[in-house]
Amino acid sequence: MRLLRSRRRRPVGSWRAPGRVNLIGEHTDYNDGLVLPYALPQGITVTGCRRDDDVLEMHSLGRTERVDLAALVPGAVTGWSAYVAGVAACLRDAGHPVGGAALRFTSDLPQGAGVSSSAALECATAVALAGLYELDAGGEELARIAQRAEHEYAGVPCGILDQSAALLCRADHALLLDCRSGAATHVPLRLGDHRVLVVDTRAGHRLGDGEYASRRSCCEEAARALGVGSLRDVVDPEAAGSLKDPVMRRRVRHVVEENRRVEAAVGLLSRGEIAELGPLLTASHASLRDNYEVSWPQADVAVDAALAAQACGARMFGGGFGGSVLVLAHRDALADVRASVDTAFSRRGWMAPSYLETTAASGAGPV
């Protein structure tokens, strides 16, 4: 992208990073496993310019915050600005000559819906600072830097899925990412007469309350107990039977079987067998509900209601504990799916969900 120059002769530009939907492969990324996300057209846009000092200025929704980059340490900034400042700090720690900047953020992503607005914020910041300071950093490196920022500055021990999806995805493709090797394969996502509908259940999406971290630590403990480097090394779900803790056994079973489901999903997509993907999605949801225990009541009801309306399959996605459900359905069934979910929510006195019919878009870059 050619940077424009303001009247003070500072580089100015705009960049955008998308949200994502993870088609299948949940809670496998931090276990060195397989994931299959795609990027959304909706995302976060940042317009920025360099500053002459070492101050990072962040503006969003009428609020402006400033931080001295030279004095920035984890815990010094909280809230949404921690994601932004954390990326700048981690770029500097990685040896990139990033100085001050004034960044203005806008978003058309639904907040709290589990479509990874946090990673979009991090990755928009990363590509903006890389552009402003003409950094020699590719998408894979920026994804790792953004992940580190979320770990150290936002306090969420996430895997690499969301950042990789935001930076590496291609239009009309899902991204098969091997979270151990980093190998990324673009898998054509040809939906034909089918559609992927995101149902925002309006249940708040929270990962920083310790539940997400406890799942990760449980998996790490299970890997040690099984004598492997990570749960990616476990190929037989029955191996979990040797663990004494029943909770740990369920966690391991989910991870091992979810990796298998990702592999099966890639095979179906490569053959254009879209409808056959449905049972894999529904099986993933059952495992996330029963084995990994990260689902929530609205997600379970939305899945059941969608299936009752002849959806091919449905599942929660994202870290869990709130957020959204994805539904795969024939386009002619979409109205019935929405009506069924609306009715199920209304009967329980819950806030009506919102819907987003999705397509696969490109990853982060200049606009």
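Visitor: Which way do α6 and α7 cross, left-handed or right-handed?
Guide: The crossing of α6 and α7 is left-handed. Keep in mind that this is a predicted model.

Visitor: And at what angle do α6 and α7 pack?
Guide: The angle is about 165°, and the axes of helix α6 (residues 246–270) and α7 are 10 Å apart. The two helices are therefore roughly antiparallel to each other.

Visitor: Why give both an angle and a distance?
Guide: Because two packed helices are described by the angle between their axes and the distance between the axes.

Visitor: Okay, which residues in α6 and α7 meet?
Guide: On the α6 side they are Arg250, His254, Glu258, Arg261, Ala264, Ala265 and Leu268. On the α7 side they are Leu280, Ala283, Ser284, Ser287, Leu288 and Asp290. The residues of this contact divide into 6 nonpolar, 3 polar and 4 charged.

Visitor: How do the axes of α7 and α8 cross?
Guide: The axes of helix α7 (residues 278–290) and helix α8 (residues 297–308) come within 11 Å, with a crossing angle of roughly 155°. That makes α7 roughly antiparallel to α8. The crossing in which α7 passes α8 is left-handed.

Visitor: Which residues of α7 and α8 meet there?
Guide: Thr282, His285 and Arg289 come from α7, and they meet Ala299, Asp300, Val303 and Leu307 in α8. By type, the residues of the contact of α7 with α8 are 3 nonpolar, 2 polar and 2 charged.

Visitor: Let's change topic. How many residues does the largest nonpolar core have?
Guide: That core has 84 residues, and those with the most contacts inside it are Leu36, Tyr38, Leu56, Leu103 and Leu277. Helix α2 (residues 117–132) gives the most to this core, with 10 residues. Apart from it lies another core, of 42 residues, and Val234, Val301, Ala302 and Phe321 are among them.

Visitor: You mentioned Leu56. What does Leu56 touch?
Guide: Not counting residues up to four places away in sequence, Leu56 touches Glu65, Arg66, Val67, Leu69, Val84, Ala85, Ala88, Ala101 and Leu103.

Visitor: What about helix α4, how many of its residues are buried?
Guide: In helix α4 (residues 161–168), 7 of the 8 residues are buried, so to speak mostly covered. The buried ones are Leu161, Gln163, Ser164, Ala165, Ala166, Leu167 and Leu168.

Visitor: I clicked on Ser324. Where does Ser324 lie?
Guide: Ser324 is in strand β11 (residues 323–330). Its relative accessibility is 0%, so Ser324 counts as buried.

Visitor: And what is Ser324 in contact with?
Guide: Leaving aside neighbours within four places in sequence, Ser324 is in contact with Ala113, Val198, Val199, Asp200, Thr201, Trp296, Met316 and Phe317.

Visitor: Now Ala71: buried or exposed?
Guide: Ala71 is exposed, with a relative accessible area of 52%. You will find Ala71 in the loop between β5 (63–68) and α1 (80–93). Ala71 and Asp54 are 17 residues apart in sequence, and their C-alpha atoms are 9.6 Å apart in space.

Visitor: What about Asp32 and Gly229, how are their C-alpha atoms separated?
Guide: The separation is 9.3 Å, for residues that are 197 residues apart along the chain. Asp32 lies in the loop between β2 and β3, and is partly exposed, with a relative accessible area of 24%.

Visitor: What does Asp32 touch?
Guide: Not counting residues up to four places away in sequence, Asp32 touches Asp178, Cys179, Arg180, Ser230 and Arg232.

Visitor: One last topic, backbone angles. What is the phi of His27?
Guide: His27 has a positive phi of about 60°, although it is not a glycine. Most residues other than glycine have a negative phi. His27 lies in the loop between β2 (11–24) and β3 (34–50), and at 4% relative accessibility His27 counts as buried.

Visitor: And what is the phi of Arg202?
Guide: Arg202 also is not a glycine and has a positive phi, of about 70°. Arg202 is found in strand β9 (residues 194–203).

Visitor: How accessible is Arg202, what is its relative accessible area?
Guide: The relative accessible area of Arg202 is 41%, so Arg202 is partly exposed.

How values were computed:
Residues numbered from 1 in each chain as written. Predicted model: local features only at pLDDT ≥ 70, side-chain atom pairs only at ≥ 80, totals over all residues. Heavy atoms only, no water. Core = buried A, V, L, I, M, F, W, Y, C linked by side-chain atoms within 4.5 Å. Buried < 20%, exposed > 50% of the residue type's maximum accessible area, 1.4 Å probe, protein only. Helix = DSSP H or I, 4+ residues; strand = E, 2+ residues; numbered from the N terminus. Contact = heavy atoms within 4.5 Å. Axes fitted to C-alpha atoms, helices over the stretch in contact; angles between N-to-C directions. Parallel < 35°, antiparallel > 145°, perpendicular 65-115°, else oblique. Left-handed = near helix turned anticlockwise from the far one by under 90°. Nonpolar A, V, L, I, M, F, W, Y, C, P; charged D, E, K, R; others polar.
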